[in-house]
Amino acid sequence: MCIEIKVVLNELKSLGNDKRKIFNKKNGAGDNQFGVPIGKLRALGKKIGKNHSLGFKLWDTGNTDAMFLATILFDKDNFSYKEIDNMVKNITYTLLLDEFIFTNVSKTNYEQEFMQNWLNSENELIGRSGWNIVVSKIISKKITYDEIDYFLNIIKKELTTAPKLKQDAMNRALCEIGIRIPKYTDECIAIGEELGVYKDLKVSKGCTSPYAPEWINAGIKRKK
C-alpha cells in the first residue's frame, strides 16, 4: 500500500494535544511533536499495518509522534545491526526508546548481541535499552537459570547506584523475575527489601509501587 507521508503527518497533527506534549517533554521528547496519546498512535498503526519504508520516512522526520508510529509499522526482520545501533543512540524520549526495544529490537536476531553490548553502558538510555532486552527475555521465557543468577548478581551490586533511567529497567527486571519465575520469588523480594530502592516513593492511589516487594506481590496476586 502506497501511503503519502504528508497524509500521515496531517492525521497525526489532528490527533495531538498540548497536555500530551508537556508529558512527552518531561520524558525526554523535544519540541518536534504533536502530542498524540499512545492509544491513538497504536490505533493508527494498526489501521496502516506493517510498512517498513513508510516507517523509515516517519522516523527520519525527527517528530516524536511520527517516530513512535514508525516503531509499530517497522518489520523487525528488515533491520541491519548498524541501523538499530544508530537509531537507539539517537533516541532521547524514554517511551519511544522502550517501544522500539520491545516491539522491534528484542525480536531480532541481534537481541543477544545488543543486550551484551548495552548492559554496562555509561549512557543511561543505552543501559536502559540493554535491561529492556533482559525484561523482554524474562517475559518471553527465553532466559536460563544461569542467566537469571547472573543478572540478579548485577542488580544486587549496581541497582542502588545506577542512573535513574537505567535503574528503572533494572528494577523492572528484578520484579519480572520475582513475578514470573516462582523459584526466584522469595530471593527477589529479599533483594528488594535489602536494597530498599523506591521504598519511600509516594505513588498515586490505585497505582502499584515500584518498590520490588510490593510490585512482586501485586503481580503475583494479579496472576491468580
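This is a predicted model: local features need pLDDT of at least 70, side-chain atom pairs count only at pLDDT 80 or more; totals for chains, interfaces and linings use all residues.

Student: Which residues line the largest cavity?

Tutor: The lining is made up of Arg 20, Asn 24, Val 36, Ile 38, Leu 41, Thr 64, Asp 65, Phe 68 and Tyr 93. Helix 2 (18-26), helix 3 (38-48) and helix 5 (64-73) are the elements that give two or more residues to it.

Student: OK, on to the largest pocket. How much space lies in it?

Tutor: About 450 Å³. The elements that give two or more residues to its lining are helix 7 (94-103), helix 9 (124-139) and helix 11 (164-180). Helix 11 has the largest share, with five residues.

Student: Which lining residues lie nearest the centre of the pocket?

Tutor: Asp 98, Arg 128, Asp 168, Arg 172 and Trp 215, out of 14 lining residues. By type, the lining divides into seven nonpolar, two polar and five charged.

Student: How many salt bridges does the count come to?

Tutor: The count is 13 salt bridges. One of them joins the side chains of Asp 31 and Lys 25, at 2.5 Å from N to O. Asp 31 counts as exposed because its relative accessibility is 63%, and exposed means over 50%. Lys 25 is partly exposed, with a relative accessible area of 45%.

Student: What about Glu 176, which residue does it form a salt bridge with?

Tutor: Glu 176 forms one with Arg 180, the closest N and O atoms being 2.7 Å apart. The two are four residues apart in helix 11, so about one helical turn separates them. Glu 176 is buried, with a relative accessible area of 7%, while Arg 180 counts as partly exposed at 36% relative accessibility.

Student: And which residues do shared partners join into one network?

Tutor: Salt bridges that share partners join Asp 98, Arg 128, Lys 164 and Asp 168.

Student: New topic: helix 6. Which of its residues are buried?

Tutor: In helix 6 (residues 81-89), the buried residues are Ile 84, Asp 85, Met 87 and Val 88. They cover an arc of only 165 degrees around the axis, so they lie on the same side of helix 6. Lys 82 and Lys 89 are exposed on the other side of helix 6.

Student: What does the buried set of helix 6 pack against?

Tutor: Helix 4 (52-59), helix 7, helix 8 (111-118) and helix 9.

Student: Last one. Where is Thr 185, and what does it touch?

Tutor: Thr 185 is in helix 12 (residues 185-195). Leaving out residues up to four places away in sequence, Thr 185 touches Gly 178, Ile 216 and Ile 220. Thr 185 counts as buried because its relative accessible area is 11%, and buried means under 20%.

Methods: Residues are numbered from 1 along each chain as its sequence is written. Side-chain values use heavy atoms; hydrogens and water are left out. On a 1 Å grid over the protein atoms alone, a cavity is a set of points where a 1.4 Å probe fits but cannot get out, and a pocket is an open set with protein on both sides within 12 Å along at least five of seven lines; lining residues have an atom within 4 Å of a point. Grid points are joined across faces, edges and corners, and a volume is the space filled by probe spheres set on the points. Ala, Val, Leu, Ile, Met, Phe, Trp, Tyr, Cys and Pro count as nonpolar, Asp, Glu, Lys and Arg as charged, and the others, Gly among them, as polar. Buried means under 20% relative accessible area, exposed over 50%, partly exposed in between (1.4 Å probe, protein chains only). Contact means heavy atoms within 4.5 Å. The arc is that of the directions from the helix axis to the C-beta atoms. A salt bridge is a side-chain nitrogen of Lys or Arg within 4 Å of a carboxyl oxygen of Asp or Glu.
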